[in-house]
Structure formats: C-alpha cells, structure tokens
Amino acid sequence: MTESALQPAVHGVVAEFTTPDGLVSACKKAYAAGYRRMDAYSPFPLEEAAEAIGFEKTAVPLLTLLGGILGGLSGYLLQYWVHVRAFPLNVGGRPYHSWPAFIVITFELTILFAGITAVVGMLALSGLPQPYHSIFNHPRFSAATRDRFFLCIEAADPKFDLEQTTLFLQTTDAVEVAEVAD
Amino acid sequence: MDQTPETKNSATLERLLPGQQPVLMPGHTMETITDKIVSLVLRRPVTLGWLGGFAFFFGVLNVLMFAAAYLFYRGVGIWGINIPVGWGFAIVNFVWWIGIGHAGTLISAILLLLKQGWRNSINRFAEAMTLFAVACAGLFPVFHTGRPWLAYWLFPYPNTMGVWPQFRSPLLWDVFAVSTYGTISALFWFMGLIPDLATFRDTAKNRVAKIIYGLLAMGWRGSVRHWKRYESAYLLLAGLATPLVLSVHTVVSFDFAISILPGWHTTIFPPYFVAGAIYSGFAMVLVLAIPIRRFYGVEDMMTLRHLDNAAKLMLSTGLIVVYGYTTDAFYAYYSGSFYEMFMFKNRVLGPMGWAYWVLIIFNVITPQVLWFRRVRLNPGLLFLTSVIVLFGMWMERFVIVVVSLHRDFLPSSWGTYVATRWDYAIFAGTIGLFFSAMFLFVRLMPMITIFEMRTLLPEAKLSEEVAAND
C-alpha cells in the first residue's frame, strides 16, 4: 500500500459497468492480472462473475446437509426417548418403539432444520446482517440494486496500487472508474 | 419462456394466442422493471379503491375478533358441533385454508425446480398468499381445542406435569407438519424479499421508509459471492419445500385416513388431498392475480400467458380430484363392506346429499369450461370459475368432514349438524384476515420479484463468447 497516514484510507477502486458481459470479462481480466481481494456487485444472480473472481464453491449445501441430518436425528431420538424412556404408555400392548409412527415427525424436523440452516447459513457465511460496508461510500452504488454492475479491487489486495489499479480498470469496458473511501 | 420476435409491436402481441404471448411484454429494461414495481409501493399515492377495499376487509376481520372473543368466553358450545359431528366448520375451514396455501409453494418451489420462467412474476404474491392462508388455517385447530391459551401443550416441552404429547397420533403429526410448513414458507418468502428490499432501500426518498427497508434488507449489497450462496440456498430451500408441500396435505389427510370411520379410511386420501389443495390454491392465485394485474396495471408482467398456465394447472389438478371422487365411490362398492356402501349411499342420497351435488356441480362440472381457450383468456370468466372452484373445494371438505361423521356404524349414535352464526362469523372473519393482510402486502412490499424479473430480460444474458471464454 502506498498511501500515507495523512491521506484518507481507501477501500478500493471501483469500476462501473452497464452490462453483465462487461463485468464478467473485467472479472476474468482482473483475476488473470493477479488480483485476488476483489468483489463484484450485480443486480441479479450472476454466477459466472463469482466464478471469474475465484469463488467456485459455497459451503451452504454442506451446512444444509448437516442441518438436515441433525434435524432427522433429533426428531427420531426425541420421539424414541419420550415413548420408550421418559413416558412409556402401553396402548393395547403395542410396542413402545413403534418406529413407523415416528417417521412423519422425523421427516418434518429434517426439513425444518435443513431449511433454517440453509437460510441462516447463507446469511452467516455472507456476514449479513451487516449495517455498514465501505462500498456504500461510492456515490453511484445505489444503482447496484437497480441496473448497474460494479467491480471493486480492494486496497487489501497485495497487488493493489492506487494508480496502477485505476489504470488497469480503465482498460476494461468500465464506464467509470473511481476510488472509494474506507 | 419463448422468444417472440421483437419486431412485433405490442398491439399484435395482445392478439396472440396465450401460448405465444411472452411472459414479459417487450420494451422493458432493467430500469423500467425496477421503476415500475418500486413505484407501485413508493410512488403511488394511497388510492380510494385501496382504502375502501382494505377498510371493508378490515371490518370483516373485526367480526373475527368479536367472534373469537365470545368463543374464548363461552367455549366451543357456541358452535354447531356435537356428538357425533365433533369436527364441524373448524376442521373444514382448517383444511380449506391450508390447501389454498399449497399453490404458493408449488409456484415458488416446484416450478422453480422445473425451470418455469413464467413463475417469476407471480411467485412473490403467491408466497404471501401461502403465508396468510397458513395463518388463517392455524387459527382453527387452536380455536377448536376449546382452551386456546393452553395450545402450547401441543408441543413437546419439559413440564412439571411430567407428561409428553402422543407422537403416534396423526393430530400431532399435523402440528409438526403445519408449523414446519409455516416456518419454511416464511423463510422462503423473506429470503426472496431481501434483494428487493435492498432495491427499495436504495430507491426510497422518504427517510423513514429508507431506514425500515434498510433494516429489513440487512445490508444486502448484491455481491456476486453473496448471490452465489443465495442462489445455492434458494435452490436447496426449493428442493426442501417440494417434498414438504406434498407432505403437508398428506399429513392433513392422515387425520382422516388413519381413523376407521367409513368415508375417511381410504388410501386414495393423500394424493387426492394434495391435488385438491393445489386445485383450490390455483383458484385463489387467479382470484388474486386478476384484480391485481388490472388495478395495478401490471398486465405486461402478469400476461394472459400466466392466467392461461394457471388455468391449465387448475384444470389438470381438478381432473385428479375428479379421479379421487370416482375412486372413493369405487372403494365403497369394491370393499364389500356394508358400512362403506352405506356411507356412499348416504353421502349421495342422504339428508345432506345436497352438499354432494353442489360439490359435483361446482367442482367437477363447472371447471370443465377451462378446456376452452376462450375462457382461459377471459379474465372475468376465469375469475368467476375460480370463485366457484374455491367454494366447491370448501364443499368437498364439508362433505368429507360433516357428512361422513353424522352417520357412522350405529344408527343409535347418528346425528345431524347445523352451523351457527358463530361458525359463519369466524369463517368469514378469517377471509377478512386473509384479504386485509393481502391489501397491506401489496401496499408495503414488492409484489413482483424484481430481481427475478431482471433475469428474464435478454440484456441479462451473457453473450456466448464471454460465457465460454475461460
């Protein structure tokens, strides 16, 4: 990092695009140029952009699977514990461990735990809710939830250099390149 | 989705057959879609029509408040229920409302997995419909317990009495199925709202609105990493909601099918209940979509194609329901059981036989008009058909619950059933609750999923060289 203590801290350099094509090709270019600490912003899901900046896999499916397994186990074991250990009721001599009758609630709790894990896990991995983020300092960033695409190369990147990175982003299809304060 | 040549102007498009009409009329860009949906909430003034409609349904909702207060004071004796008809309106309404919710989940989850792009403009309000319908449904078993302040006894929790719920009972399965369904529907709905709430936050001019939508959007900034996790979670949730929605009405049907009462004890119940649920649900989707698209001018986003598709789904699930009725009759005959055969004869020709024939006219004969394209393309007729189907599905549950119960094995224990004004008041009241909530929803939230509509645009597609160049 080249900035001195007197200059305001910089979060990164942001390039604005009007098309998803522009964003994805710029992402690929930046990744090829060796940048790693960057993020792209889009008004709709754009998987190609995430892959282009090196974000290939998410842990959400694994978490959901674990949540589902936990839900299924707790559902079944709860019923087993209640009807066999804690509160056995003899109804017409039927077995206490009457597993077929336990399946429905086991299934429902599997879905419940997996679903909650999927949503909470997605939010937690993304660090949401997050009341403040430096990218919102960009004056035109409100268009990111509307019709514009942004690529931000962050100052935390080892290759980051305010001038060089700005020049590099100007070689893409960006309509505007600007630095954004931290 | 089909691609209509862009050269055709919209006047020509209006005349196209529904199968050829696009799901989104041409001429839209990301900006116009965003502006249009956002302005319905943030720019549009409160109109007299909205105010009048809301005031009316809020008034009806207050009927529910009074009736419920009196019910809590006097107990379920103010209803028409008796022995042998112990279930009455409460369970009829419960099954009816929960069934209506099913179409919302079908649209948001099953059609998403089947990559049906046309669902994108109707899934949001259909999910809201699910949520409010489940809320209405959930009230009835709680009211029906007679001591609603003890309703938490339905859930397993360690207590000083040392007792636990009976997990082998279908009624308890129902508690778990419905509460899981309500929770997952709310999660699905809220998760879908997050990116759109961020759009609202960034577009709102009013400071209070900005803060409220901002809090709800939780700092969503559209990062592609977040989008990737979001898409993954959304797809997983759809995958989980699909078996869930099929299981919910299956479990509801177990409340009946697991018992030994003639008319309830048949294996056709689970599939036939699920089909009936989706049938009535699509009828409610149409009852909501037709006025919404007209009064909010979103006919370019909810096109005749949507109405046509929903009507076709209604027709096909309706035919499954007809199959269910036929099988019901066949079971009675083929069982060789005297009681089963008597049950069917009594259902068709007994003292409450009129209910069966109303059901057949409303639910079997009327919807056959949907075979005609002209009807499916006429919003007015479609609206009327949907209202009739909704009423028919209510009659179906009445026939199943009340008519089966009133005459079982022993003639000495036969009885009859007459609903009281409190039964009607509470049922009407939940309709007030449902529509009041819908009125508030279309005023306060994006009723069409903005970000999913953006993905329908040609400009949102990556060009082939960019997508392929690795």
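Two residues count as in contact here if their C-beta atoms, placed from the backbone, lie within 7 Å. With that in hand, the place to start in this predicted model is where the two chains meet. Chain A puts 56 residues into the contact, and chain B puts in 51 residues. On the side of chain A that touches chain B, at least two residues each come from helix H1 (20–32), strand S2 (38–41), helix H2 (47–52), helix H3 (60–86) and helix H4 (103–125). H4(A) hands over the largest share of that side, 13 residues. Sorted by class, the side of chain A facing chain B holds 35 nonpolar, 14 polar and seven charged residues.

Chain A itself splits into two pieces: domain 1 takes in 10–56 + 131–181, while domain 2 covers 60–125. Going by C-alpha atoms, the centres of domain 1 of chain A and domain 2 of chain A sit 44 Å apart.

Over in chain B, one helix pair is worth a look. Helix H4 (residues 88–113) of chain B packs against helix H15 (residues 421–444) of chain B at an angle of about 15°, and 10 Å lie between their axes. Angles under 35 degrees count as roughly parallel, so H4(B) and H15(B) are roughly parallel to each other. The crossing of H4(B) past H15(B) is right-handed. On the H4(B) side, the contact is made by Gly88(B), Phe89(B), Asn93(B) and Trp97(B), and H15(B) answers with Asp423(B), Phe427(B) and Thr430(B). Split by class, this contact between H4(B) and H15(B) comes to three nonpolar, three polar and one charged residues.

Note on methods. Residues are numbered from 1 along each chain as its sequence is written. Chains are lettered from A and ligands numbered from 1 in the order in which they are written. This is a predicted model: local features need pLDDT of at least 70, side-chain atom pairs count only at pLDDT 80 or more; totals for chains, interfaces and linings use all residues. Axes are lines fitted to C-alpha atoms, for helices over the stretch in contact, and angles run from 0 to 180 degrees between N-to-C directions. Helices (H or I, at least four residues) and strands (E, at least two) are DSSP runs, numbered from the N terminus. Angles under 35 degrees count as roughly parallel, over 145 as roughly antiparallel, 65 to 115 as roughly perpendicular and the rest as oblique. A crossing is left-handed if the near helix is turned anticlockwise from the far one by less than a right angle, and right-handed if clockwise. Ala, Val, Leu, Ile, Met, Phe, Trp, Tyr, Cys and Pro count as nonpolar, Asp, Glu, Lys and Arg as charged, and the others, Gly among them, as polar. Domain bounds come from an automatic or database domain assignment.
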